[in-house]
Each structure stands twice: as C-alpha cells, then as structure tokens.
Amino acid sequence: MFRQSQCQGARLAKRVTIKQIAEYAKVSVATVDRVINQRAPVKSATANRIIAAAKELGWRPPAAFVETQSASPTPSIHCGILLQSNISHLLREAFEAQSTKLENTNSKLTIETFDSLEPEKIAARMLKLGKKVDVLAITSIDHPFVAEAIDKLAEKNVPVVAILSDLSANNLAGFVGTNNRTRGRTAAWAMDRFCRDRGTVGVIIGSHRYLSQQDREISFRSYFREKAPAFRILESVVSSDDDSQAYEAAKKLVCETPDLVGIFSAGGGASGIRRAIIEYGGDRRPFFVSTELTAQAKTELLQGGVDMVLSADFDQVAEKAVEMFTSLKQQEGQQKKMSVLPFFIYTSENT
C-alpha cells in the first residue's frame, strides 16, 4: 500500500499498488512511479501502456492528473520512409502528399531513396536512417541482413514497417500492401481468358528476394497448373527491375519463342518489356500484364503494348502507412500489424 506522502499528487485505489501496475504492464516500478506521479517524462507508448494497465487494475486518475495529460501536446512522430529508387515515383509523391498534410501537426516524414539491391547496403541505410526517426518504413528485398537490421532497430524501439513487399523478419512491426497472390492469379486468369491460342507464357521477375514478386509468380503458376494446364509456362527471367534488362529478356522471349502468347511482369521493367513487344512482336504480339501503374504505364496502355495493369493505389498505401505509424508509436510491443489493401485492374478503357 502507499501512504499519502508516497503517492503525492496521485492516489491509487487501496487494492492497487505501483508494484502491481509495474508487473501488469511489464515495466519497472521506477517507470510506473514516473508516470503515475508525473516525476519525469516517459516515452509516450510506454506511458500509455502503464496508464491503461493501471486503469484495468482499478485505478482512477485524479482530476489534476487528467488536466495535466489533456494539456500535454500530442507527441511528435518522426517517420522515415526508405524507398527503392526504381519503385514508381508515384509512391514517393503519395508519401510527399502525406508529409504536406502533417505540416500542421507535430509529426513529419523524411523520405529517402536507395539504388542498391545489395542487402548489406540496404541494412546500413536502414540503421543510419533509424537513428533519426521514431518509425521506419521500407520497400526492400527479403534477406537475413535486412532482418538483422530490423532486429537492431526493434531493440532501440524503432518499429519497421514493410511497404508493398512483405518481409519475413520476426520483429517486423507491420505491412502495408496488397494481396500479391491474388494479383498473380488474376494475371493468369486474364491470360487464360484473353489469349486466343493455348501456347507458351513468359515470366519476367525483378528479384526472387522480393516476397511480393515471389508471391505473384508462385500464384501465377499455380493458376495454370490448376485451371489451364494447356499453357506452357517458361522458367522466370530475372531483370533486377531494370528497363534495359527487361527489354533484353522480353526481346529474347519474343524472338525465340514461336508460340509465345503472353508475358507476365511480376516486378518492374515494364517499359522495357513493352518496347521489345512493339519492336519484335509484329502480328503475333503477346498479351502483356504488368503490376505497377506508373505515369508511363498509363500512356503505354493507351498506345498499346500493355494490355492490363494490376496495381495498388499508392495514395491509399501512403495514407494507411501513416495511420499505422501513429498506431505503432502509441502501442509499443504489439503483434505485427497488417493492412492488406485492394488492388485495381487497369486497361486502356479505364485508365
């Protein structure tokens, strides 16, 4: 129990002690004392957890405590966004729009890009930006070095959120993106329905290390095995999401596969694929499905060369990501959060 001198400005119900609250909230007695008696600042997520635990145990905060809490400014959140540079600039623009919306609040976004697919360099960039922010969001390949960086940031109470492509790290705090397996099966369904002839289909993937692209490829093949076995699906060609590499891969497919009826781009490089199709496809142009609606892809849909795009709404992705950042800041130590958003089907007629 606590004497009046111990509780000072805040009194606990007789059956509740600071030790009980500390055990319930899984923090130290000293930390609870700092929050309940307002002795010193405590990280907002931890303070919120302690207050919630105290209330669940029966504590009712005195009026003075409530007034002090109400007068306190909303904790600022500094969110870091680390994007692969070859990802659509529309995604960056979407986050920049969110940053503008936050100008009148205590929160802000820092957006950085990187070029390398080398996992060591990605991990280094994560740790560097993680020193300056409260929450970090990233589009990245899946690799043990990346997972290790996520673990190190988690130890420093900097949660990491995967954007568009999920990550397998145990300490990943959240994911914002689409159901990529459904996108892969939808691409296969479209080819099954729109290709007049049963023939060969090529698959071009940016990197097998992107779980999003891996899921699209797996589900794409699964559909054909299950529902359209008359098609022959070739081994995937890796393009590193680079237009020039994707161009060469598509050129080889078109020129060396007489019965080619379709190409599925599970990653980036769609503009290079389209150029090869137009230059070498001739009258037997394959049905082409890509997965990212860039500004250029909109034009290419109208001009021909791309038949269908299955894309996330980047404005929606950015908005949901910012909402998740706020939630993670306020709720420390929670289970991984998931925000699986719908994707949209674009053709020349609804772009």
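1. In this predicted model, helix 8 covers residues 144-155 and comprises 12 residues. The distance from its first C-alpha to its last is 17 Å, close to the 16 Å expected at 1.5 Å a residue.

2. The buried residues of helix 8 are V146, A147, A149, I150 and L153. They lie on the same side of helix 8, because they cover an arc of only 160 degrees around the axis. An α-helix has 3.6 residues a turn, so residues three or four places apart point the same way. On the face turned away from the buried side of helix 8 are the exposed residues P144 and E155.

3. Which elements cover the buried residues of helix 8? Among them are helix 7 (119-130), strand 3 (135-138) and strand 4 (160-163). Just after helix 8, N157 adopts a positive phi of about 60 degrees.

4. Helix 7 may be described in similar terms. Its 12 residues should span 16 Å at 1.5 Å a residue, and the end C-alpha atoms of helix 7 are 16 Å apart, which agrees. Buried in helix 7 are P119, I122, A123, M126, L129 and G130. Seen down the axis, these buried residues fall within an arc of 135 degrees, so they line one face of helix 7. The cover over them includes strand 1 (78-84), strand 2 (108-114), strand 3, helix 8 and strand 4.

5. A further point concerns the pairing of helix 11 (residues 243-256) with helix 12 (residues 270-280). The axes of these two helices come within 7 Å and cross at roughly 35 degrees, and the crossing is right-handed. From helix 11, the residues in contact are D243, A246, Y247, A250, K251, V254 and C255; in helix 12 they meet A270, S271, G272, I273, R275, A276, E279 and Y280. The residues of this contact divide into nine nonpolar, two polar and four charged.

6. Most residues other than glycine have a negative phi. K26, although not a glycine, has a positive phi of about 60 degrees. K26 is located in the loop between helix 2 (18-25) and helix 3 (29-36), and K26 is exposed, with a relative accessible area of 73%.

7. S240 is likewise a residue other than glycine with a positive phi, near 55 degrees. S240 sits in the loop between strand 8 (237-238) and helix 11. Is S240 buried or partly exposed? With a relative accessible area of 28%, S240 is partly exposed.

Definitions and conventions: Residues are numbered from 1 along each chain as its sequence is written. This is a predicted model: local features need pLDDT of at least 70, side-chain atom pairs count only at pLDDT 80 or more; totals for chains, interfaces and linings use all residues. Side-chain values use heavy atoms; hydrogens and water are left out. Axes are lines fitted to C-alpha atoms, for helices over the stretch in contact, and angles run from 0 to 180 degrees between N-to-C directions. Helices (H or I, at least four residues) and strands (E, at least two) are DSSP runs, numbered from the N terminus. A crossing is left-handed if the near helix is turned anticlockwise from the far one by less than a right angle, and right-handed if clockwise. Contact means heavy atoms within 4.5 Å. Ala, Val, Leu, Ile, Met, Phe, Trp, Tyr, Cys and Pro count as nonpolar, Asp, Glu, Lys and Arg as charged, and the others, Gly among them, as polar. The expected span of a helix is 1.5 Å times one less than its number of residues. Buried means under 20% relative accessible area, exposed over 50%, partly exposed in between (1.4 Å probe, protein chains only). The arc is that of the directions from the helix axis to the C-beta atoms.
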